[in-house]
Amino acid sequence: MAGGTGAVGRHVVDVLRERGHEAVVLARSAGVDLVTGRDLDLGGVDAVVDVTSVSTQKQAEAESFFGAVTGHLLEAGKASGVGHHVVLSIVGIDDAPTGYYRGKVLQERLVEEGGVPWTILRATQFHEFAAQILAALRVGPLHPVPVMRNEPVAAREVAEHLADRVEKGPAGRVPDLGGPREERMADMARAYLRHTGRRGFVLPVPVPGAGGRAMRDGTLVTGAGAVHGRQTYAEWLAAQPR
Ligand SMILES: NC(=O)c1ccc[n+]([C@@H]2O[C@H](COP(=O)([O-])OP(=O)(O)OC[C@H]3O[C@@H](n4cnc5c(N)ncnc54)[C@H](OP(=O)(O)O)[C@@H]3O)[C@@H](O)[C@H]2O)c1
């Protein structure tokens with residue numbers, strides 16, 4: 001479980017263990033740095049699930065991170081005869097030219113060409129996304145948030161789909177996974193502030209450039225053939241601590 005301590009990774013570990021699998025966490029906090037790849041040994045591992053991430057919008061940093069992590073996992077996987085490499089990616093990355101998404105495009109290509117049988121699942125943003133954006137930027141009482149159409153999905157449900165994919169075996173690119181309905185980012189942010197009893201005003205801001213256009217025009221929501229989670233943002237929020 002590469003990234004098994006993260007927002008979705010911790011759920012993947014839980015789901016796999018609940019289903020009786022042994023899940024070994026690979027993360028810096030568990031003593032494994034996948035960027036250096038030092039001492040990485042995948043002996044005895046049937047499947048690798050990669051849900052690592054880096055916090056950057058810079059293309060060079062994103063490509064360097066996903067290139068190194070993916071390269072080391074594939075190299076060690078081939079050396080140990082790992083039979084399945086599962087990666088979580090993001091809906092719409094080919095048409096949303098941001099630095100982070102360029103890193104994900106590189107990650108997908110390396111997996112497709114990497115010589116280990118693979119599955120790539122693309123999902124939309126998690127329900128946590130609005131809170132992450134609120135935490136990232138605040139100007140006095142104002143919370144600028146991007147004008148964005150999105151289709152948030154519960155991280156736990158993404159984890160269940162990833163565990164299903166581990167159990168089904170290598171399948172290549174599988175149908176995209178989105179949430180049950182579309183939401184506007186500003187509405188999600190206002191609801192989050194209300195739920196957590198915080199003051200402040202949400203200010204929707206159109207992000208300039210092609211990346212911002214992709215946020216607004218529906219590039220990041222699912223299209224035909226996608227599968228959908230069940231838990232709505234409102235249901236997820238109601239279950240969060242106040
Ligand atoms: N968040 C979303 O809305 C969303 C939606 C769709 C797809 N995705 C994709 O899902 C994946 C997981 O996203 P997330 O939001 O769950 O990420 P996250 O919460 O930021 O977690 C990142 C994980 O990567 C690990 N990690 C970071 N650097 C590492 C390194 N050098 N070596 C080993 N482990 C390292 C972290 O653990 P340590 O810090 O302990 O190393 C952590 O377990 C990403 O690939 C992302 O593109 C995310």
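This is a predicted model: local features need pLDDT of at least 70, side-chain atom pairs count only at pLDDT 80 or more; totals for chains, interfaces and linings use all residues.
**View 1. Helix H4, with its buried and exposed residues**. Helix H4 runs over residues 129-136, and within this stretch Ala 130, Ala 131, Ile 133 and Leu 134 are buried. These four residues cover an arc of only 160 degrees around the axis, which puts them on the same side of H4. An α-helix has 3.6 residues a turn, so residues three or four places apart point the same way. What do the buried residues of H4 pack against? Their partners are strand E4 (142-146), helix H6 (185-195) and helix H8 (233-238).

**View 2. The crossing of helices H2 and H3**. The axes of helix H2, which spans residues 59-80, and helix H3, which spans residues 99-113, come within 7 Å and cross at roughly 25 degrees. Because angles under 35 degrees count as roughly parallel, H2 and H3 are described as roughly parallel to each other. The crossing of these two helices is right-handed. On the H2 side, the residues that meet H3 are Gln 59, Ala 62, Glu 63, Phe 66, Gly 67, Thr 70 and Leu 74. On the H3 side, the contact is made by Gly 99, Tyr 100, Arg 102, Gly 103, Lys 104, Leu 106, Gln 107, Leu 110 and Val 111. Taken by type, the residues of the contact of H2 with H3 divide into seven nonpolar, six polar and three charged.

**View 3. Ala 7 and its contacts**. Ala 7 is found in the segment before helix H1 (9-18), and with a relative accessible area of 30% this residue is partly exposed. Once its neighbours within four places in sequence are left aside, Ala 7 is in contact with Phe 126 and Ala 155. How many residues apart along the chain are Ala 7 and Ala 155? They are 148 residues apart along the chain, while a distance of 7.0 Å separates their C-alpha atoms.

**View 4. Thr 232, in the loop between strand E10 and helix H8**. The loop that holds Thr 232 lies between strand E10 (227-228) and H8, and H8 is also one of the elements against which the buried residues of H4 pack. Is Thr 232 buried or exposed? Thr 232 has a relative accessible area of 17%, and because buried means under 20%, this residue counts as buried. When residues up to four places away in sequence are not counted, Thr 232 touches His 127, Pro 180 and Arg 181.

Methods: Residues are numbered from 1 along each chain as its sequence is written. Side-chain values use heavy atoms; hydrogens and water are left out. Buried means under 20% relative accessible area, exposed over 50%, partly exposed in between (1.4 Å probe, protein chains only). The arc is that of the directions from the helix axis to the C-beta atoms. Contact means heavy atoms within 4.5 Å. Axes are lines fitted to C-alpha atoms, for helices over the stretch in contact, and angles run from 0 to 180 degrees between N-to-C directions. Angles under 35 degrees count as roughly parallel, over 145 as roughly antiparallel, 65 to 115 as roughly perpendicular and the rest as oblique. A crossing is left-handed if the near helix is turned anticlockwise from the far one by less than a right angle, and right-handed if clockwise. Ala, Val, Leu, Ile, Met, Phe, Trp, Tyr, Cys and Pro count as nonpolar, Asp, Glu, Lys and Arg as charged, and the others, Gly among them, as polar.
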